[in-house]
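Colleague: Please take a close look at one residue of this model, its surroundings and its backbone. Please also set that residue against the chain as a whole.

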Amino acid sequence: MATSAKLMLGSGLCQKLSQLTRQIHMQPALMSSFRSSREVQELDKYPEVEVVANPPEWRFVERLLPAKTVPQPVEKPKYPSGWQPQKEDGSELGYHVARTKNHMVPVYLHTRFRG
């Protein structure tokens, strides 16, 4: 075991690996933080930009933004997950469990230490 370890440490492959590791750790990582990004240049070096308040291209950006409210679920006769939409008010049953804003039944697990 000790002989094989000495052979592996003395090989050129191990030396090249250690050199590569040193090079990786010596270079600053791009995209790691604002400190590794380029300095801001003079404004003359940047291209001219036209600011438009409501261009038609914004519709492509708006569809990527998260919705402000949770949309109503699509009515189906049966859902693959077994989920069922909430009934109107449940007054004929005598009780009503309100759904959360995500249309889910509020079920919470409370754990306690029992010593």
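**A histidine in its setting**

Modeller: Where pLDDT is low, the predicted coordinates should not be read in detail. This is a predicted model, in which local features need pLDDT of at least 70 and side-chain atom pairs count only at pLDDT 80 or more, whereas totals for chains, interfaces and linings use all residues. Residues are numbered from 1 along each chain as its sequence is written, and side-chain values use heavy atoms, with hydrogens and water left out.

The mean pLDDT of the chain is 77, with 77% of its residues at 70 or more. The chain contains three helices and zero strands, helices being DSSP runs of H or I with at least four residues and strands runs of E with at least two, numbered from the N terminus. Of the 115 residues, 4% are buried.

The residue of interest is H103, in the segment after α3. H103 counts as buried because its relative accessibility is 18%; buried means under 20% relative accessible area, exposed over 50% and partly exposed in between, with a 1.4 Å probe and protein chains only. Leaving aside residues up to four places away in sequence, H103 touches V70, P71, Q72, P73 and W83, where contact means heavy atoms within 4.5 Å. With P71 there is also a specific pairing: the side chain of H103 reaches the backbone oxygen of P71 at 3.2 Å. The backbone of H103 has a positive phi, near 65 degrees, in a residue other than glycine. Most residues other than glycine have a negative phi.

For contrast, L93 also lies in the segment after α3 (58-62), yet L93 counts as exposed because its relative accessibility is 58%. Across the chain, residues 24 or more positions apart account for 18% of the contacts with a separation of 6 or more.

How values were computed: A polar contact is a pair of N or O atoms within 3.5 Å; within protein, one must be able to donate a hydrogen and the other to accept it, and residues adjacent in sequence count only if both atoms are side-chain atoms. pLDDT is the predictor's confidence in each residue, from 0 to 100.
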